[in-house]
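Have a look at the sequence and the structure first, then try each task before reading its solution.

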Amino acid sequence: MSSLQARISNILTWSCVDGPGNRMVLFMQGCNYACAACHNPYTIGQCDHCGDCIPACEPGALSLVDGKVQFDPGICTHCDACLDACPISANPMAQLYSVEDILEAVARASELSVWHHAIGRRGDAAITIYPDAFCGHAR
């Protein structure tokens, strides 16, 4: 078992942004690039446990315990108000993942995507999107 860990802001198991095909995306917390046109600014900072995000969380998924912001994913409604409240562009919902945790998530996503398909409607025609199809194009 590896002791290496990464703080992950979010995991998308299916994404077709930035080109054809689908992919799994891991959003790492603590990006050091600071791009002027960053599409995910809440992944830049590391939480300093100031607690400014806690009042913004209406469901109460965030709390301050022993001087550290704690996140309860079971209560979170994913409204992202905490992201807007953070003065340092950090995500209080980011969680630590081990290498094994990440590999397990990749394996689960791979198993699901082998036969997974999404059904959408465009007019009267049903569109089936397969994992290896170009995003948004019927096969």
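Ser98 lies in strand E5, which covers residues 95-98. Keep in mind as you go that this model is predicted.

**Exercise 1.** Decide whether Ser98 is buried or exposed, and find its partners.

*Solution.* Start with the relative accessible area of Ser98, which is 9%. Buried means under 20%, so Ser98 counts as buried. Next, follow its side chain: it reaches the backbone nitrogen of Asp101 at 3.0 Å. Finally, set aside the neighbours within four places in sequence; Ser98 is then in contact with Leu4 and Gln5.

**Exercise 2.** Work out which class of accessibility Leu103 belongs to, and which patch includes this residue.

*Solution.* First locate Leu103: it sits in helix H2, residues 99-115. Its relative accessibility is 55%, and exposed means over 50%, so Leu103 is exposed.

**Exercise 3.** Describe the order of helices and strands along the chain, then ask where the pLDDT is below 50.

*Solution.* Begin by counting: there are two helices and seven strands. Along the sequence they follow the pattern β-β-β-β-α-β-α-β-β. Now turn to confidence: the chain has a mean pLDDT of 79, with 78% of its residues at 70 or more. Residues 114-139 have pLDDT below 50, and this stretch has 36 contacts in the model beyond near neighbours in sequence. Where pLDDT is low, the predicted coordinates should not be read in detail.

Methods: Residues are numbered from 1 along each chain as its sequence is written. This is a predicted model: local features need pLDDT of at least 70, side-chain atom pairs count only at pLDDT 80 or more; totals for chains, interfaces and linings use all residues. Side-chain values use heavy atoms; hydrogens and water are left out. Patches are made of residues with over 30% relative accessible area and no salt bridge: like charges are joined within 9 Å, nonpolar side chains (Val, Leu, Ile, Met, Phe, Trp, Tyr) within 5 Å. Accessible areas come from the Shrake-Rupley method with a 1.4 Å probe; for residues, only the protein chains shown count as cover. A salt bridge is a side-chain nitrogen of Lys or Arg within 4 Å of a carboxyl oxygen of Asp or Glu. Helices (H or I, at least four residues) and strands (E, at least two) are DSSP runs, numbered from the N terminus. Buried means under 20% relative accessible area, exposed over 50%, partly exposed in between (1.4 Å probe, protein chains only). A polar contact is a pair of N or O atoms within 3.5 Å; within protein, one must be able to donate a hydrogen and the other to accept it, and residues adjacent in sequence count only if both atoms are side-chain atoms. Contact means heavy atoms within 4.5 Å. pLDDT is the predictor's confidence in each residue, from 0 to 100.
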